Amino acid sequence: MITLSPDNNDCRHIFLASGNTLTQARQQASHFMATTKLVAYQSISIKDKEIQSGTWEHFWMEIENGIAANREFCSNLLKELQATGLTQLEGLLALQPGYPSKVLHILTHMLDGFFGTDSVLYNLVEDSHWLSDTLRTTIQEKPECYWLVPVWHGPVTSSLLHLQK
C-alpha cells in the first residue's frame, strides 16, 4: 500500500500516469524525471510492486491524500507571505524582492503545475498538482488505464523552485 504520511513523503513523489500497462505508466514517470529541468535528484527508483492502477481499492484515497498534501504546502506558503505583511492583492505591487517574492514565485508555480521538490502528488496526464473533474470522470470510466507511480529519490542535485531562506 502506498502511504502518503509525513514520515515518508520526504523521499518520494507519487505520479498519476496513464497507459494500458504498468510498464507504460512507469515509463511516463521515468521519462518525466529524466527530462524535467525543474528538479534533478542524485538518484531515482521506481518499484513495480508499488505501482497501482485505478482499480486499486485505495486509489482515490491516495489521490486525495496527495492533493491535500499539495494544498497544505500551498497554504503554508500563503501563511509565509502573510507573515511578510502581504494581506491584500494590492500588496503584491509593493512586495519586497528577495524572500517574499520567492515565496510568491513558488506558490504560483505550485498552483500553475510546475513540478518541484515539494510536489507530493503530480498529475502527469494534466501536468498539474491537482485533478480536474473531467479527468476524474475519465478515470472512473476506465480505471485500468490510470496508475499511481511512486518515485523514490535521493538528494536534490538541482532545483529551480527550491526555497532557501
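Modeller: Residues are numbered from 1 along each chain as its sequence is written, and side-chain values use heavy atoms, without hydrogens and water. In this predicted model, local features need pLDDT of at least 70 and side-chain atom pairs count only at pLDDT 80 or more, while totals for chains, interfaces and linings use all residues.

Biologist: Are α2 and α3 roughly parallel or roughly antiparallel?

Modeller: Helices are DSSP runs (H or I, at least four residues) and strands are too (E, at least two), numbered from the N terminus. The axes, lines fitted to C-alpha atoms over the stretch in contact, with angles from 0 to 180 degrees between N-to-C directions, come within 9 Å for α2 (residues 59-83) and α3 (residues 99-112) and cross at roughly 155°. Angles under 35 degrees count as roughly parallel, over 145 as roughly antiparallel, 65 to 115 as roughly perpendicular and the rest as oblique. The crossing therefore makes α2 and α3 roughly antiparallel.

Biologist: By class, which residues does the contact of α2 with α3 have?

Modeller: Contact means heavy atoms within 4.5 Å, and residues including Phe 73 and Leu 77 of α2 and Val 103 and Leu 107 of α3 make this one. Ala, Val, Leu, Ile, Met, Phe, Trp, Tyr, Cys and Pro count as nonpolar, Asp, Glu, Lys and Arg as charged, and the others, Gly among them, as polar. The count is 13 nonpolar, 1 polar and 1 charged.

Biologist: Is Phe 59 buried or exposed?

Modeller: Phe 59 lies in helix α2, and its contacts beyond four places in sequence include Leu 16, Ile 139 and Tyr 146. Buried means under 20% relative accessible area, exposed over 50%, partly exposed in between (1.4 Å probe, protein chains only). Because its relative accessibility is 0%, Phe 59 counts as buried.

Biologist: What distance separates the C-alpha atoms of Phe 59 and Leu 148?

Modeller: Leu 148 is in contact with Phe 59. The two residues are 89 residues apart along the chain, and their C-alpha atoms are separated by 7.6 Å.
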